[in-house]
Amino acid sequence: MDFDAELDAKGLLCPLPVLKARKRLMALQSGQILRVEADDPAAVIDIPHFCQEAGHTLLASDDLGASQVYFIARA
């Protein structure tokens, strides 16, 4: 999937992946896509919940071995 910005949140624990994703999304325009890679087990719950609460669209998520990747479209 194509994306406009990328965030490497590997090694960060809750709530840092979500906080850094929120900051990076604020710099994007509506409709642009952020790719987030995280290995925090809580991210599986936190990132979809953050997207729902903030109005962003979680386009896709997938496992990459020990980490997960998320594609988020800014609201």
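Select I72 and show its surroundings: leaving aside residues up to four places away in sequence, I72 touches L25, Q32, I33, L34, V36, I47, C51, H56, T57 and L58. Here a contact means heavy atoms within 4.5 Å. The model is predicted, so local features need pLDDT of at least 70 and side-chain atom pairs count only at pLDDT 80 or more, while totals for chains, interfaces and linings use all residues. Residues are numbered from 1 along each chain as its sequence is written, and side-chain values use heavy atoms, with hydrogens and water left out.

**Stop 1: around I72**

Is I72 buried or exposed? I72 counts as buried because its relative accessibility is 0%. The cut-offs are under 20% relative accessible area for buried, over 50% for exposed, and partly exposed in between, using a 1.4 Å probe and protein chains only. Now pick the C-alpha atoms of I72 and L25: they are separated by 8.6 Å, although the two residues are 47 apart along the chain.

**Stop 2: the strand and its sheet**

I72 is found in strand β4. Helices (H or I, at least four residues) and strands (E, at least two) are DSSP runs, numbered from the N terminus. Colour the strands next, and you can follow an open sheet of 4 strands in the order β1-β2-β4-β3, with mixed pairing. Two strands pair if DSSP finds at least two bridges between them. At the edges sit β1 (5-9) and β3 (57-64), each pairing on one side only. From one strand to the next, the twist averages 15°.

Select residues 33-38 and 67-73 together. These are β2 and β4, which run antiparallel and are joined by 6 bridges. For one of the pairs, look at V36, whose bridge partner in β4 is Y70. As background, strands of a sheet pair through backbone hydrogen bonds, either parallel or antiparallel.

**Stop 3: the helices**

Select residues 16-26 to see helix α1, which packs on the sheet and touches β1, β2 and β4. The direction of α1 makes about 165° with that of β1. Then select residues 43-54: this is helix α2, lying across β2, β3 and β4 and running at about 5° to β4. Axes are lines fitted to C-alpha atoms, for helices over the stretch in contact, and angles run from 0 to 180 degrees between N-to-C directions.

**Stop 4: the nonpolar core**

Which residues touch the most other members of the largest nonpolar core? Select L7, A9, L25, L34, V36, I47 and I72, out of 17 residues in that core. A nonpolar core is a set of buried Ala, Val, Leu, Ile, Met, Phe, Trp, Tyr and Cys residues joined through side-chain atoms within 4.5 Å. Two or more residues come from each of β1, α1, β2, α2 and β4. The largest share, 4 residues, comes from α2.

**Stop 5: S67**

Go back to β4 and pick S67. S67 counts as buried because its relative accessibility is 5%. Show the side chains of S67 and E37, and you will find a polar contact of 2.9 Å. A polar contact is a pair of N or O atoms within 3.5 Å; within protein, one must be able to donate a hydrogen and the other to accept it, and residues adjacent in sequence count only if both atoms are side-chain atoms.

**Last stop: the whole chain**

Zoom out to see 2 helices and 4 strands, following the pattern β-α-β-α-β-β along the sequence. Of the 75 residues, 37% count as buried.
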